[in-house]
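Here is a short walk through one structure, written for someone who likes to know the cut-offs behind each term. Please have a look at the model first, and then read on.

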Amino acid sequence: MVGLVFAFGPLAHAADPPPRGLTIARTNACMGCHAVDRKLVGPSFQQVAEKYKGNAGASAFLAKKVKDGGSGVWGAIPMPAHPAMSDADIRTVVDWVLVGAPSK
Ligand code: HEC
């Protein structure tokens with residue numbers, strides 16, 4: 001996954017580091033299945049933000065979903081579990097998704 005960081009690195013402005021959530025999404029291969037603004041294998045992160053807007057339990061629910069994986073919310077394709085990610089990293093990336101996955 002280190003390759004991904006280097007591949008995307010030049011797009012980021014040196015003096016303007018990307019949000020931590022975006023970095024986590026890139027280094028954990030989330031972007032292999034998700035894009036910010038269009039559906040890939042999984043829903044776009046903007047779709048996810050829209051769906052859970054105003055849902056106070058969304059952060060905890062989605063953190064568990066990323067950790068354990070699952071299907072049935074957006075379609076039949078399952079998201080794999082991410083057992084190796086720390087809870088802190090998962091919460092950070094989920095909270096970044098929930099605010100609409102900003103690039104800065
Ligand atoms: C192998 C492909 C794949 C990878 C890798 C992947 N996802 Fe997903 N993701 C999916 C699919 C497919 C769904 C839709 C699941 C469903 O319909 O319940 C999904 C759904 C989601 C949702 C919405 C869940 C819901 O119940 O509404 C979030 C948030 C999410 N992914 C975040 C992430 C994050 C963060 C990562 C990286 C740690 C990640 N995904 C990695 C395929 C993937």
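Helices (H or I, at least four residues) and strands (E, at least two) are DSSP runs, numbered from the N terminus. This is a predicted model, in which local features need pLDDT of at least 70 and side-chain atom pairs count only at pLDDT 80 or more, while totals for chains, interfaces and linings use all residues. Residues are numbered from 1 along each chain as its sequence is written, and side-chain values use heavy atoms, with hydrogens and water left out.

**Around helix 3**

Let us begin with Q47, which sits in helix 3. Q47 is partly exposed, at 34% relative accessible area; here buried means under 20%, exposed over 50% and partly exposed in between, with a 1.4 Å probe and protein chains only. Not counting residues up to four places away in sequence, Q47 touches K39 and W74, where contact means heavy atoms within 4.5 Å. Q47 and D37 are 10 residues apart along the chain, and their C-alpha atoms are separated by 7.6 Å.

Leaving aside neighbours within four places in sequence, S44 is in contact with A35, V36, D37, R38 and K39. With a relative accessible area of 3%, S44 is buried.

**The iron site**

Which protein atoms are donors of the iron atom of the ligand? They are NE2 of H34 and SD of M79, lying 1.9 to 2.1 Å from the iron atom. Donors are N, O and S atoms within 2.8 Å of the metal (3.2 Å for Na, K and Ca); water is not among the atoms, so sites may look incomplete. The site is octahedral, with angles of 85 to 179° among its six donor atoms. For six donors, that label asks for opposite donors over 155 degrees apart and all others between 65 and 115. H34 belongs to the loop between helix 2 and helix 3 and M79 to the loop between helix 4 and helix 5, so the pair ties together parts that are 45 residues apart in sequence. H34 counts as buried at 12% relative accessibility, whereas M79 counts as partly exposed at 22%.

**Aromatic pairs**

A search of the whole structure finds two aromatic pairs. Rings of Phe, Tyr and Trp (its six-membered ring) pair if their centres lie within 6.5 Å; planes under 30 degrees apart count as stacked, over 60 as edge-to-face and the rest as tilted.

| Pair | Centre to centre | Angle between planes | Type |
|---|---|---|---|
| F45 and W96 | 5.7 Å | 75° | edge-to-face |
| Y52 and F61 | 6.1 Å | 35° | tilted |

F45 in helix 3 and W96 in helix 5 are 51 residues apart, so their pair links distant parts of the chain. Both F45 and W96 are buried. In the other pair, Y52 is buried at 10% relative accessible area, and F61 is partly exposed at 40%.

**Helix 5**

W96 leads on to helix 5, where I90, V93, V94, W96 and V97 are buried. These residues cover an arc of only 160° around the axis, which puts them on the same side of helix 5; the arc is that of the directions from the helix axis to the C-beta atoms. Their cover includes helix 2 (20-27), helix 3 (45-51) and helix 4 (58-68). Helix 5 is followed by G100, whose phi is positive, near 95°.

How values were computed
Four donors count as tetrahedral if all angles lie between 85 and 135 degrees; four count as square planar and six as octahedral if opposite donors are over 155 degrees apart and all others between 65 and 115; anything else is irregular.
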